[in-house]
Amino acid sequence: MEAVVYSTFRNNLKDYMKKVNNEFEPLIVVNKNPDEDIVVLSKSEWDSIQETLRISQNKYLSDKIIEGLAQARAGQVEVHEIED
């Protein structure tokens, strides 16, 4: 994860916003006071993190995912054709 100082980030805001969105990589913006450091990420990345948290907090969904992974690892899978 790349880090940039606040003043550089501020002076190049548009470029850093494009970079974060295009590369799907968060950016750390550091300040003189480390307690004021922030992380910038794309909205799609944020949405993905939120969805992962929602799924992990839902016991039913988490159990279904774990069960599916165990079946896949055991070779208990079926191939299906996708119709247009």
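Biologist: Which residue in β3 is the bridge partner of Val29?
Modeller: Happy to start there, in what is a predicted model. Three bridges join β2 (residues 27-30) to β3 in the antiparallel sense, and two strands count as paired if DSSP finds at least two bridges between them. Leu27 stands opposite Val40 in β3. For Val29, the partner in β3 is Ile38.

Biologist: Before we go on, from which number are the residues counted along each chain?
Modeller: In this predicted model, local features need pLDDT of at least 70 and side-chain atom pairs count only at pLDDT 80 or more, while totals for chains, interfaces and linings use all residues. Side-chain values use heavy atoms, with hydrogens and water left out, and residues along each chain, as its sequence is written, are numbered from 1.

Biologist: Thanks! Which pattern does the chain follow along the sequence?
Modeller: There are four helices and three strands. These are DSSP runs (H or I, at least four residues, for helices; E, at least two, for strands), numbered from the N terminus. Read in sequence order, the pattern is β-α-α-β-β-α-α.

Biologist: Which are the edge strands of the sheet?
Modeller: The sheet is open, with three strands in the order β1-β2-β3 and mixed pairing. β1 and β2 pair in the parallel sense over four bridges, with Val5 opposite Val30 in β2, whereas β2 and β3 run antiparallel. The strands that pair on one side only, and are therefore the edges, are β1 (2-5) and β3 (38-40).

Biologist: What angle does the direction of α2 make with that of β1?
Modeller: From one strand to the next, the sheet twists by 30° on average. Helix α2 (residues 13-23) packs on it and touches β1, β2 and β3, contact being heavy atoms within 4.5 Å. Angles run from 0 to 180 degrees between N-to-C directions, and axes are lines fitted to C-alpha atoms, for helices over the stretch in contact. For α2 and β1 the angle is about 170°.

Biologist: Which residues of β2 point to one face and are buried?
Modeller: Side chains alternate along β2.

Biologist: Why does Glu36 count as partly exposed?
Modeller: Glu36 lies in the loop between β2 and β3. It counts as partly exposed because its relative accessibility is 46%.

Biologist: Is α3 roughly parallel or roughly perpendicular to α4?
Modeller: Ile55, Ser56 and Gln57 in α3 meet Lys59, Leu61, Ser62 and Ile65 in α4. The axes of α3 (residues 43-57) and α4 (residues 59-73) come within 5 Å and cross at roughly 95°. That makes the pair roughly perpendicular.

Biologist: What radius of gyration does the chain have?
Modeller: The C-alpha atoms fill a box of roughly 55 × 35 × 20 Å along the principal axes, and 12% of the 84 residues are buried. A compact globule of 84 residues would be near 12 Å, by the rule of 2.2 Å times the number of residues to the power 0.38, with the radius taken over C-alpha atoms. The chain instead has 20 Å.

Definitions and conventions:
Angles under 35 degrees count as roughly parallel, over 145 as roughly antiparallel, 65 to 115 as roughly perpendicular and the rest as oblique. Buried means under 20% relative accessible area, exposed over 50%, partly exposed in between (1.4 Å probe, protein chains only).
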